Amino acid sequence: MSEPLTPDAPALEVDVDPRLLEILVCPVTHGPLEFDRAKAELVSRSARLAYPIRDGVPIMLPEEARELGEGE
C-alpha cells in the first residue's frame with residue numbers, strides 16, 4: 001500500500017510525451033516551458049509560474065500554477 005502524499009513529500013517522477021512538450025507553451029507569456037520531472041511541473045521562467053502535471057496531464061491554467069520562489 002502506498003503512503004499518501006503530503007505537502008512535504010516529494011512528487012513521484014512522471015513522464016510526459018516529448019512531442020507534447022515540443023508544442024506546449026506558457027498560456028500567459030506564450031514562451032517556452034521547462035519540464036521538471038522530479039516536481040512533476042512545467043516551468044515558465046518568463047512568467048515565474050510552475051504548472052502541475054496530474055496523472056500525466058499538464059494543467060495549463062494560470063490559477064492552478066504555483067508561483068516560483070526566489071532562486072527557482
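What share of the contacts in the chain with a separation of 6 or more comes from residues 24 or more positions apart? I got 26%, with contact meaning heavy atoms within 4.5 Å.

**Ground rules.** This is a predicted model, so I kept in mind that local features need pLDDT of at least 70, that side-chain atom pairs count only at pLDDT 80 or more, and that totals for chains, interfaces and linings use all residues. Residues are numbered from 1 along each chain as its sequence is written, and side-chain values use heavy atoms, with hydrogens and water left out.

**Confidence.** I checked pLDDT, the predictor's confidence in each residue from 0 to 100. The chain has a mean of 85, and 82% of its residues reach 70 or more. Over residues 1-11 pLDDT stays under 50, and the model has four contacts beyond four places in sequence for that stretch.

**Layout.** I found one helix and five strands, in the order α-β-β-β-β-β along the sequence. These are DSSP runs numbered from the N terminus: helices are H or I with at least four residues, strands are E with at least two.

**Surface.** The chain has 72 residues, and 28% of them count as buried. Buried is under 20% relative accessible area, exposed is over 50%, and partly exposed is in between (1.4 Å probe, protein chains only). I noted an accessible surface of about 5300 Å², 55% of it belonging to carbon and sulfur atoms; the areas come from the Shrake-Rupley method with a 1.4 Å probe, and for residues only the protein chains shown count as cover.

Pairing here takes at least two DSSP bridges between two strands. Strand β1 (residues 34-36) runs antiparallel to β2 over three bridges, with Asp36 opposite Glu41 in β2. Four residues sit between these strands, and in that hairpin Ala40 takes a positive phi near 55°. Next I looked at β2 and β3, which pair antiparallel over four bridges; Val43 has Ala50 in β3 as its bridge partner. This hairpin also has four residues between its strands, and Arg48 takes a positive phi near 55°.

**Faces of β2.** Which way do the residues point? Glu41 and Val43 go one way, Leu42 and Ser44 the other, and all are buried.

**Ser44.** I stopped at this residue of β2 (residues 41-44). Why does Ser44 count as buried? Because its relative accessibility is 0%. Beyond its neighbours within four places in sequence, Ser44 is in contact with Cys26, Thr29, Pro32, Leu33, Leu49, Tyr51 and Leu68. A polar atom of the Ser44 side chain lies 3.2 Å from the backbone nitrogen of Ala47.

**Core.** The largest nonpolar core has 11 residues, among them Val14, Cys26, Leu33, Leu42, Ile53 and Met60. Strand β3 (residues 49-54) gives the most to this core, three residues. Such a core is a set of buried Ala, Val, Leu, Ile, Met, Phe, Trp, Tyr and Cys residues joined through side-chain atoms within 4.5 Å.

**Ile59.** Last stop was the loop between β4 (57-58) and β5 (66-67), where Ile59 lies. Ile59 counts as buried because its relative accessibility is 19%. Not counting residues up to four places away in sequence, Ile59 touches Tyr51, Pro52, Arg54 and Glu64. I also checked Leu42, 17 residues away along the chain: its C-alpha and that of Ile59 are separated by 9.0 Å.

Key. A polar contact is a pair of N or O atoms within 3.5 Å; within protein, one must be able to donate a hydrogen and the other to accept it, and residues adjacent in sequence count only if both atoms are side-chain atoms.
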